[in-house]
Amino acid sequence: MSDFKIKFDMSPIKNDGMFQNLKQDIPASLIVFLVAVPLCLGIALASGAPLFSGIIAGIVGGIVVGALSGSQLGVSGPAAGLAVIVLTAIQELGAFEIFLMAVVIGGIFQLLLGYAKAGIIGYYFPSSVIKGMLAGIGVIIILKQIPHAFGYDKDFEGSLSFNQPDGHNTISELFYMFEAISPGALTITVFSMLILILWEQPFMKKIKLFKLVQGPLVVVSLGIILNLIFKNIPSLSLAADQVVAIPVPESISGFFGQFVFPDFSQIGNPAVWVTGLTIAVVASLETLLCLDATDKLDPYKRVTPANQELKAQGVGNIVSGLIGGLPITQVIVRSSTNIQSGGKTKMSAIFHGVILLVSAMAIPFILNLIPLASLAAILFLVGYKLAKPALFKEMYTVGQSHFIPFMVTILGIVFTDLLTGIGLGLVVAIFYVLYNNYKKPFLFETGKHLKNGTIRLELAEDVTFINKANIQRALTQIPDGSKVIIDASKSINIDYDVIEIIEEFKTNAEFRDIEVEVIERKIKGVSNPMREVEHALVNNMIIKNGKVVTTS
């Protein structure tokens, strides 16, 4: 029932102000910034949009969405999953300014979805599919970065689809790579990987200096130095497409001249509204999936308000569209990088946006010295931590009803694209749920009222991920300092997703001064916690069907 076997910094979070965790958040924001720059540019390139529109989306995703979001570790920006939609829309609408009007409309739709409480959709995706999404993205990151590590940079940074715009695919690209190996890029990759592996060793983590100076920062600094040295060595010098290529304005006025505005005269164009609705639906779905995945990676198991996230994304897309940026979603690559770099609060996401703005304005020429091979090495580490062998072993031991959807999701993401892979995994997961429900009747038990403010949650006989949202909501509403008894003694079948929610609640309860007691029943060697909540006493309140209701 344990989660990812990744060692995180579990030092307490300081909750007495937004700036109390800067010791961890600022170094994390720097690393996220370094990863975000080429992703923003690459996705803009693949979208057929001006390169600077990707930078704008990254800035807005960090500062605006970061400030409004309830997610402590999620990072937003332009997403590869929208690149094809954006490319097609710009071509069909005829101008980038018209497309920006669609982005604004998409943001308005997202705001409406947030107020309509559509965020609950994200809770109905089973854990096996979410973990499969994380592992699949980890695998695809590694496969996509291998060519960049060797100096073959034909596919854009941030690409997650199997089929590429150049007619190649993820697998064939690995073979074409051997025809264009760059000794300089490969040298930088090897040194970068050695540094990152060294920084992960336990003895390095005990040295105070190396706790402050993150390995990825050293890798990027070394990459810049080697790039400058290699310029004088023809056999090792890097080509223009092997380094970051952010637009360089001639002046501050030139910088602000890169911001463009939507064509408001097209607000009555039906095609603009259709594009806006498409952006809203796809961006919202991708955000909710990444939101759930980010919460699962959070070592403190905090739960992000999904409806608030939709509202934040809506505002972000409105702002991005108004000033010339691409559509925005929460992005798992940047979010997982943030977590693995030690970020603790939303300030790391906000600061990454601030750094991106200041750097694009003041020092783009320095950013353009960063080799893509250095960033490939950093992303290798991110990909490995998302798809560690221990995760595959864990999912296998849980049982085939979780392992098979997990693997189908991974293979679907690797050989199609993100949303298709998730859809395939969800179909398989639903098949297993229906099969299990066919074998056993569904029964609800009524909770018991106890004294002394104790909360007793009595679970159903058969529990699946379908009611995961109600359970998550009920546990979230339990007051700090309470005592909770979770009675699973009458449960015959409890889904692994629900067991995972209980384990995450127990972890979070330690930080909320909540005492948790689980009455378990052993079934086939698996201990059982909770499921559907009918009634639970909370002092003078009752949690009924996932909602708090006052009593007489």
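How many residues has helix α4, and how far does α4 reach from its first C-alpha to its last? Helix α4 covers residues 96-115, which makes 20 residues, and its reach is 29 Å. That is close to the 28 Å expected at 1.5 Å a residue. Please keep in mind that this is a predicted model. Just after α4 comes K117, with a positive phi of about 60°.

Next, helix α5. It runs over residues 127-150 and has 24 residues. At 1.5 Å a residue it should span 34 Å, and its end C-alpha atoms are 35 Å apart, so the two values agree. There is a bend in α5 of about 25° at K144, and the proline P147 follows within four residues. Is α5 largely enclosed or left open by the rest of the structure? It is largely enclosed, because 20 of its 24 residues are buried. Just after α5, G151 has a positive phi of about 95°.

Now the cysteines. A disulfide is a covalent bond between the sulfur atoms of two cysteines. How many disulfides does the structure hold? The number is 0. Two cysteines can still be described by their accessibility. C40 has 0% relative accessibility, and therefore counts as buried, the cut-off being under 20%. C290 is at 2% relative accessible area, so C290 is buried by that cut-off too.

Last, the surface. A nonpolar patch there, of about 510 Å², is made by L198, F203, I207, L209, L212 and V213. One of these, L212, sits in helix α9, which covers residues 208-212. That is the end of my part.

Methods: Residues are numbered from 1 along each chain as its sequence is written. This is a predicted model: local features need pLDDT of at least 70, side-chain atom pairs count only at pLDDT 80 or more; totals for chains, interfaces and linings use all residues. Side-chain values use heavy atoms; hydrogens and water are left out. A disulfide is a pair of cysteine sulfur atoms within 2.5 Å. Buried means under 20% relative accessible area, exposed over 50%, partly exposed in between (1.4 Å probe, protein chains only). Helices (H or I, at least four residues) and strands (E, at least two) are DSSP runs, numbered from the N terminus. The expected span of a helix is 1.5 Å times one less than its number of residues. The bend at a residue is the angle between axes fitted to the seven residues ending there and the seven starting there. Patches are made of residues with over 30% relative accessible area and no salt bridge: like charges are joined within 9 Å, nonpolar side chains (Val, Leu, Ile, Met, Phe, Trp, Tyr) within 5 Å. Accessible areas come from the Shrake-Rupley method with a 1.4 Å probe; for residues, only the protein chains shown count as cover. A salt bridge is a side-chain nitrogen of Lys or Arg within 4 Å of a carboxyl oxygen of Asp or Glu.
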